Amino acid sequence: MLTINSQLKEVYAHPIGRDLLKKVLFQKALSERIITNPLVSRLKLKTLPVLTMGAVDRAFLEAFLQVLNEAPDRPRPVEKGPVQAAWWKEAVFYQVYPRSFKDSNGDGIGDLCGIIEKLDYLKSLGVDAIWLSPIYDSPNDDNGYDIRDYHKIMTEFGTMEDFDRLLAEVHARGMKLIMDLVVNHTSDEHEWFQRALTEPHSKYGDYYLFRDEPNNWTSIFGGSAWKYCPERKQYVLHLFSQKQIDLNWENPELRREIVAMIRWWLEKGVDGFRLDVINFISKRAGLPDGNEKIGKMMGLYGAEHYFYGPRLHEYLRQIRKEAFAPYNAFTVGETPGIGMEMAKLLTAAYREELDLIFSFDHLETPGHGKFDDYRYDLNYYKEYIIYWLENYGNQCWMSLFFENHDNPRMVSKIDPDPQFRFVLAKLLATMLLTLPGTPFIYQGQELGMINKDFQSMADLRDVESLNFYEIWRKEMGDAAAFRRILAGSRDHARTPMQWEKAKYAGFSTVEPWIGTDEDYKICNVEDQMKREDSVLNYYRKLIQLRKSHPVLVYGETAFVNRKVRDLFTYYRRDEQAVFYVECNLCRNQLKRRGRRPEGLRLLSNYPENEGHELRPYEATVWRLK
Ligand code: NOJ
């Protein structure tokens with residue numbers, strides 16, 4: 001048991017303690033060495049309020065210790081060596097955001113038949129598994145992440161027959177399909193919630209988290225996390241929008257319903273799930289107030305009571321045992337805020353919880369948040385990858401991704417200068433497909449799509465952007481608030497897929513639900529299919545390379561030039577082959593260290609480069625043996 005008499009090094013030795021300390025340092029853009037330094041590491045926690053001049057106070061320490069003391073599990077010491085093979089370690093995943101992928105019936109909204117039309121495209125790209133963002137019946141307050149009926153398809157997307165056909169067509173092409181599973185919350189229009197309001201004494205009455213008085217938790221989409229329900233004269237918890245109401249996982253009956261629903265989809269033959277904000281499902285009993293200092297630091301109050309809740313592992317094991325395992329289903333958990341030690345507890349094979357998680361620590365550089373307008377430094381990505389790959393162990397496996405429907409486009413974040421757009425997109429592709437881990441490509445990434453040219457708030461649709469704009473314009477004025485929204489809006493990734501150089505980008509025959517800009521004229525599938533040196537063809541070749549050389553999946557990885565800034569180089573090797581990957585992480589010419597590699601230059605984002613200089617964002621894959 002840790003107390004305020006414990007030393008910092010004891011906190012650091014606790015898996016959750018280590019992750020949380022790293023998180024705090026990350027927020028403040030400070031180095032980990034501050035803590036591992038022997039003088040500091042011996043400090044007792046109780047000295048911190050004075051030493052930090054009040055930045056850390058007694059209440060902060062108590063909140064912190066509570067999280068640690070309620071998390072007794074320890075990951076096993078890390079083992080190196082061979083990993084157990086699995087289809088999902090070898091597969092290349094592709095995320096489809098159905099609303100914006102392909103409209104087949106001319107209503108301006110993408111749909112299931114549209115996805116079916118494009119399955120051959122995905123197959124020809126080399127995709128093995130498709131992850132579909134939610135397609136269930138929903139009032140669309142958060143584009144389907146607010147589910148009204150888990151057993152129905154959203155009318156705009158089609159029918160259950162369309163879904164069955166989609167699944168059959170995916171399987172007929174030898175691909176797999178995973179669904180989005182949103183079970184931290186439902187829509188307020190879900191029957192369970194409606195009945196919880198009107199029949200408070202029925203079993204549904206306890207399916208959500210009602211309280212007579214709200215606590216101080218805030219919503220991830222801004223404002224209080226509580227909404228008043230006059231029907232019950234009570235408040236109900238919603239960590240996301242006011243129409244996304246958190247489920248009460250403490251209730252065993254509710255958990256049984258969720259298990260039954262998952263099995264219903266697995267019976268249909270789906271191959272697995274991506275589990276939406278799954279680390280939020282267990283909330284600390286009594287829902288105590290969030291700590292002030294933590295709330296201020298994170299811009300979110302209460303998170304310490306649910307981002308890694310006391311019963312999380314128990315719940316995950318239950319749904320694995322009762323729903324996923326009998327069908328051999330694959331799971332990837334979306335787990336915001338989770339650090340590496342917690343990730344081990346969630347994904348190590350011996351724990352039998354999840355197969356993979358999406359951790360997000362690589363999407364911003366230290367000291368930055370999603371809405372900050374700054375240039376992402378790929379040197380941080382290098383550092384992050386080396387740290388994870390060397391410490392995650394052979395019982396765990398990484399998911400690799402740069403983009404999804406919740407973030408702006410990565411190329412824009414690194415370097416918005418259009419002259420580098422396509423080489424940079426290829427550099428990202430190279431790392432994604434030659435590092436060990438399961439790659440996830442987000443629709444449009446394979447074309448090098450970039451952030452959109454939104455002109456005003458009227459162009460945006462996302463509830464997160466709209467809510468924060470209202471909050472920030474009061475704090476900083478309209479123009480500054482819009483700039484922040486432009487830096488971080490999820491809508492950048494949600495505009496229509498650019499299929500052709502035709503009106504509405506070939507996505508639809510009518511005006512889409514969210515606008516396209518002019519970019520489709522220079523960046524679209526049709527043109528890129530024809531151009532040998534396009535980003536699309538580069539992705540194809542890389543995926544083929546990965547498929548024909550198991551060394552790129554399971555081979556050992558050795559990083560070289562670790563301390564050299566802007567240069568990211570590594571070997572992948574096994575008994576059959578040795579590959580060498582060389583990446584220039586910046587927009588300047590870079591001197592190559594040592595001799596030019598001797599071997600076969602398999603793929604590069606530049607045409608032949610005989611010189612000793614690496615060009616801006618150059619990426620090359622060599623075969624040495
Ligand atoms: C994470 C999803 O990826 C995001 O799009 C959604 O808004 C929240 N979870 C709430 O479901």
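**The ligand site**

So, a polar side-chain atom of Arg490 sits 3.0 Å from an oxygen atom of the ligand (a polar contact here is a pair of N or O atoms within 3.5 Å). The protein covers 98% of the 290 Å² of accessible area that the ligand has on its own (Shrake-Rupley method, 1.4 Å probe). Quick caveats: this is a predicted model, where local features need pLDDT of at least 70 and side-chain atom pairs pLDDT 80 or more, while totals for chains, interfaces and linings use all residues. Residues are numbered from 1 along each chain as its sequence is written, and side-chain values use heavy atoms, leaving out hydrogens and water.

Back to the ligand. For His405, a side-chain N or O atom is 2.8 Å from a ligand oxygen, and for His185, a polar side-chain atom is 3.0 Å from one. How many residues surround the ligand? It's 14, with Asp142, Arg274, Asp276, His405 and Asp406 the closest (near means a heavy atom within 4 Å).

Now the helices, which are DSSP runs of H or I, at least four residues. Helix α19, residues 463–476, packs against α20, residues 478–488, at about 145°, axes 7 Å apart (axes are lines fitted to C-alpha atoms over the stretch in contact, and angles run from 0 to 180 degrees between N-to-C directions). Among the residues meeting there are Trp472 in α19 and Phe482 in α20, contact meaning heavy atoms within 4.5 Å.

Notes:
Helix = DSSP H or I, 4+ residues; strand = E, 2+ residues; numbered from the N terminus. Polar contact = N/O pair within 3.5 Å; in protein donor to acceptor, adjacent residues only side chain to side chain.
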